[in-house]
Amino acid sequence: HQSGCALRKQIINMPSKTSANKIAAPYTQPLKPGESVILPHRQLQRIFIGLGWNNVQGATVDLDCSIVGYCADGTRDDESTVYFGKLRNGTQKSSSNGSSIVHTGDILKGKEGDSVLDDMERIYVYLSELPDRIATIAFAADVFTEGLSFSSLSNAYVRIVNTDTNQELARLTLTSAYLGPIAKSRVALLARLRRLAGVGVSGGG
């Protein structure tokens, strides 16, 4: 299973996107590529990013997700890189042996047919426990299954959820109708969470 290395290389070289749209999000906010949303930091201590998808007709689909941390100067923090081959970052401010980013594990296929989707993979982020040097965390997904891309998917999503209240804060649908040209890719930067001094946490698709 080699998608992790390619995915991390893609994230390193990913150009930064700026968004003209910033949306307050007291309730679930459907996102489009390039949009950002300000999340209320005082109510957010822990979040998870959930990824769900269906298989396509005649084939199972393997999607993978990962998180990469970045410092304020834009350098990548290897310790805060979490993916199917490294399920924890091993760093927690209040504990010497805890983790502030935790992946639930690699799932090799989606749900069958038109069954109702739920999260197949999750990455939990304990915001208050992230190392102070981390200014941004980037969430990405790739279609590992050979010959398929996001445009092949009929039903898939990524969402951001408040772990403590189970309130869904934002959702991005991962199909051609929503992703546009990005759907032709097998690797996509799906969201970034940034610390914003005096404002909150900014999340974007």
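Predicted model: local features only at pLDDT ≥ 70, side-chain atom pairs only at ≥ 80, totals over all residues.
Two residues are in contact when they have heavy atoms within 4.5 Å of each other.

Residues are numbered from 1 along each chain as its sequence is written, and side-chain values use heavy atoms, leaving out hydrogens and water.

Switch to cartoon view. You'll find two helices and 13 strands (DSSP runs numbered from the N terminus: H or I of at least four residues for helices, E of at least two for strands). Of the 205 residues, 50% are buried, meaning under 20% relative accessible area with a 1.4 Å probe, protein chains only.

Next, select V125, F139, F150 and L174. These have the most contacts inside the largest nonpolar core, which has 37 residues. (Such a core is a set of buried Ala, Val, Leu, Ile, Met, Phe, Trp, Tyr and Cys residues joined through side-chain atoms within 4.5 Å.) Now color β9: this strand gives five residues, the largest share of the core.

Zoom in on L174. Leaving aside residues up to four places away in sequence, its partners include L51, F150, Y157 and L190.

Last stop: T145, in the loop between β9 and β10. Is T145 buried or exposed? It's buried, at 18% relative accessible area. Show its side chain, which reaches the backbone nitrogen of D62 at 2.7 Å. Beyond four places in sequence, T145 touches T60, V61, D62 and R186.

How values were computed
Polar contact = N/O pair within 3.5 Å; in protein donor to acceptor, adjacent residues only side chain to side chain.
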